[in-house]
Amino acid sequence: MPEKSTPPRRLTSEEQQRQRRRSIAIATVLFVLVAIFYALTIAKLGPQILNRPL
């Protein structure tokens, strides 16, 4: 016997704003982490990485 599914709950305006702020915060943290890893990688490789033969 299949289970009855309940319709999705509608979020209130306040819940939507909170969810949006949380999503923006997560995206910002992710961007900052990527930028830090990129900067550390470039710093670790040194400036000579740009002068290598292709």
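Trainee: Is R18 buried, partly exposed or exposed?

Mentor: In this predicted model, R18 is partly exposed, because its relative accessible area is 41%. That value lies between the 20% limit for buried and the 50% limit for exposed.

Trainee: Which side chain does R18 meet in a salt bridge?

Mentor: The partner of R18 is E14, with an N to O distance of 3.8 Å. The cut-off for such a pair is 4 Å, so this one counts. E14 is itself exposed, because its relative accessible area is 52%.

Trainee: Where do R18 and E14 lie?

Mentor: Both are in helix α1. They are four residues apart, which is about one turn of the helix.

Trainee: Why can side chains like these pair?

Mentor: Side chains of opposite charge can pair when their charged atoms come close.

Trainee: How many salt bridges are there by this rule?

Mentor: The count is two. Besides the bridge between R18 and E14, the side chains of R9 and E15 form a salt bridge, at 3.2 Å from N to O. The R9 and E15 side chains are also joined by a polar contact of 3.2 Å.

Trainee: Where is R9 placed?

Mentor: R9 is in the segment before α1, and that helix covers residues 13–45. R9 counts as exposed, because its relative accessibility is 60%.

Trainee: How far is R9 from L33?

Mentor: Their C-alpha atoms are separated by 34 Å. Along the chain, R9 and L33 are 24 residues apart.

Trainee: Changing topic, which residues make the nonpolar surface patch?

Mentor: The patch is made by V29, F31, V32, L33, I36, F37 and L40, and its area is about 700 Å². One of these residues, I36, is located in helix α1. I36 counts as partly exposed, because its relative accessibility is 43%.

Trainee: What box do the C-alpha atoms fill?

Mentor: Along the principal axes, the box is roughly 65 × 35 × 15 Å.

Trainee: What share of the residues counts as buried?

Mentor: Of the 54 residues, 2% count as buried. The protein exposes about 5,900 Å², and carbon and sulfur atoms supply 64% of that area.

Key
Residues numbered from 1 in each chain as written. Predicted model: local features only at pLDDT ≥ 70, side-chain atom pairs only at ≥ 80, totals over all residues. Heavy atoms only, no water. Helix = DSSP H or I, 4+ residues; strand = E, 2+ residues; numbered from the N terminus. Buried < 20%, exposed > 50% of the residue type's maximum accessible area, 1.4 Å probe, protein only. Polar contact = N/O pair within 3.5 Å; in protein donor to acceptor, adjacent residues only side chain to side chain. Patch = residues over 30% accessible without salt bridge, like charges linked within 9 Å, V, L, I, M, F, W, Y side chains within 5 Å. Areas by Shrake-Rupley, 256 points an atom, 1.4 Å probe, with all protein chains shown as cover.
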